[in-house]
Amino acid sequence: MPTTPATAAKSSPNGVSSNAASVGGAQASIMLELVDEDGNTIGTAEKLAAHQAPGRLHRAFSVFLFDESGRLLLQRRALGKYHSPGVWSNTCCGHPYPGEAPFAAAARRTFEELGVSPSLLAEAGTVRYNHPDPASGLVEQEYNHLFVGLVQAEPRPDPEEIGETAFVTAEELAERHASAPFSAWFMTVLDAARPAVKELTGPAGGW
């Protein structure tokens, strides 16, 4: 599927302060894969450096998992995370290691964060976006690989990564999004993945 361009000058306020300077050495030293506008690898950069304004375009992934009833699994990011703590977001998101296939990274990270492996995981295209986060001063300049799938096991989230999980219908998501803080990138990646979501969940899912 083609890349969908999307740019946002502002992110949604999340109501939670964050300080990039508090990033631990382990987090800051993680290496990300830098890419050009076509998604071709052009180098690497440390995680924090890639997110400092104005941001450096890097490879990322976002996962949307649904249960057998067509409900989306959301996570609320742990309060201890340096970037966008305490906000709701999609099932899982992150960055492949340099040289790691995005599909493998998505499956790996889903298990690491949620303690479950998808029973089905499929590619759903890519999206490129630029989302500044006023609360932290960090910038998400990402070439994001999207994945949709099914989950049949009960999540067992890592409390250092995830504060809370919830399965929601499309209607419940709209209500929650109107009243609770979400990650700046959430609607961008959901809208880009929506054709694949509709194909996965069917017309009765309402997505």
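Student: In what sense do strand β8 and β9 pair, and over how many bridges?

Tutor: Strand β8 (residues 120-133) and β9 run antiparallel, with 12 bridges between them. Strands pair here if DSSP finds at least two bridges between them; strands are DSSP runs of E with at least two residues, helices are runs of H or I with at least four, and both are numbered from the N terminus. This is a predicted model, where local features need pLDDT of at least 70, side-chain atom pairs count only at pLDDT 80 or more, and totals for chains, interfaces and linings use all residues. Residues are numbered from 1 along each chain as its sequence is written, and side-chain values use heavy atoms, with hydrogens and water left out.

Student: Which residue stands opposite H145 of β9?

Tutor: That is T126.

Student: What does G137 do in the hairpin of β8 and β9?

Tutor: G137 takes a positive phi near 80° there, and the hairpin has four residues between the strands.

Student: And in what sense does β4 pair with β9?

Tutor: Parallel, over nine bridges. A60 has N144 in β9 as its bridge partner.

Student: How many residues of β9 are buried?

Tutor: 12 of its 13 residues are buried, so β9 is largely enclosed by the rest of the structure. Buried means under 20% relative accessible area, exposed over 50%, and partly exposed in between, with a 1.4 Å probe and protein chains only.

Student: Switching to charges. How many salt bridges are there?

Tutor: The count is 11, taking a salt bridge as a side-chain nitrogen of Lys or Arg within 4 Å of a carboxyl oxygen of Asp or Glu.

Student: Which residue does R59 bridge to?

Tutor: R59 pairs with E33, and their closest N and O atoms are 2.6 Å apart. The two come from distant parts of the chain, 26 residues apart: R59 is in strand β4 (residues 58-66) and E33 in strand β2 (residues 31-35).

Student: Are those two buried or exposed?

Tutor: R59 is buried at 8% relative accessible area, and E33 is buried at 8% too.

Student: What about E161, which residue is its partner?

Tutor: E161 forms a salt bridge with R109, with 2.9 Å between the closest N and O atoms. E161 sits in the loop between β9 (138-150) and β10 (162-168), while R109 is in helix α3 (residues 102-114), 52 residues apart. Both E161 and R109 are buried.

Student: Which residue has a positive phi although it is not a glycine?

Tutor: S84, at about 55°. S84 lies in the loop between β5 (72-77) and β6 (88-89) and is buried at 3%.

Student: Last one: where does T91 lie?

Tutor: T91 is in the loop between β6 and β7 (92-94), buried at 0% relative accessible area. A polar atom of the T91 side chain lies 2.9 Å from the backbone nitrogen of L65. Beyond neighbours within four places in sequence, T91 is in contact (heavy atoms within 4.5 Å) with residues including V63, F64, L65 and L114.

Note on methods:
A polar contact is a pair of N or O atoms within 3.5 Å; within protein, one must be able to donate a hydrogen and the other to accept it, and residues adjacent in sequence count only if both atoms are side-chain atoms.
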